[in-house]
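I opened my notebook to look up a few residues, one at a time. Here is what I jotted down along the way.

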Amino acid sequence: MTRNVFMSRDEDERDGGGKTGVVTKTRPKTKKPSMYKVLMLNDDYTPMEFVVYVLEGLFNKSREEATRIMLHVHQRGVGICGVYPYEIAETKVTQVMDLARQEQHPLQCTLEKD
């Protein structure tokens, strides 16, 4: 619509030519990240003390909780060390594997979608 420069201000506003309005901006809904379980696998060679040490150091578990998880892994063959977003879970798995390799233990750790 072309604005008539000779219209009075009242005529312009009634005509819808005013410049006021409400701008709405929609935000995309953020999706909660998928969570992943960090799993420790049992083997016949890694010392139980080392597993407890890893659980305390890398997963911030208390001595009691680390011992409980270690015994679960020992008896059932696999146990959950923690549940994290993918990047953190992946980092934890890498840290466990690197530490086990440095200490020459065959300890295995993996992740699984929760």
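Before anything else, I noted that this is a predicted model.

**Entry: Val83**

I started with Val83 and found it in strand β2, which covers residues 78-85. Is Val83 buried, exposed or partly exposed? I looked up its relative accessible area, which is 37%, so Val83 counts as partly exposed. Val83 also turned up in a nonpolar surface patch, together with Met35 and Ile80. I wrote down about 220 Å² for that patch.

**Entry: Lys37**

Next I went to Lys37, which sits in strand β1, residues 35-41. Its relative accessible area is 18%, and buried means under 20%, so Lys37 is buried. What is Lys37 in contact with, leaving aside its neighbours within four places in sequence? My list has Ile80, Gly82, Val83, Thr110, Leu111, Glu112, Lys113 and Asp114. So my Val83 from the entry above is on the contact list of Lys37, which is buried.

**Entry: two positive phi values**

Then I checked some backbone angles. Most residues other than glycine have a negative phi. Asn60 has a positive one, near 55°. I found Asn60 in the loop between α2 (48-59) and α3 (63-76). Its relative accessibility is 65%, so I marked Asn60 as exposed.

Gln104 went on the page too, with a positive phi near 60°. Where is Gln104? I placed it in the loop between α4 (86-102) and β3 (108-113). Gln104 is exposed as well, because its relative accessibility is 72% and exposed means over 50%.

Note on methods. Residues are numbered from 1 along each chain as its sequence is written. This is a predicted model: local features need pLDDT of at least 70, side-chain atom pairs count only at pLDDT 80 or more; totals for chains, interfaces and linings use all residues. Side-chain values use heavy atoms; hydrogens and water are left out. Helices (H or I, at least four residues) and strands (E, at least two) are DSSP runs, numbered from the N terminus. Buried means under 20% relative accessible area, exposed over 50%, partly exposed in between (1.4 Å probe, protein chains only). Contact means heavy atoms within 4.5 Å. Patches are made of residues with over 30% relative accessible area and no salt bridge: like charges are joined within 9 Å, nonpolar side chains (Val, Leu, Ile, Met, Phe, Trp, Tyr) within 5 Å. Accessible areas come from the Shrake-Rupley method with a 1.4 Å probe; for residues, only the protein chains shown count as cover. A salt bridge is a side-chain nitrogen of Lys or Arg within 4 Å of a carboxyl oxygen of Asp or Glu.
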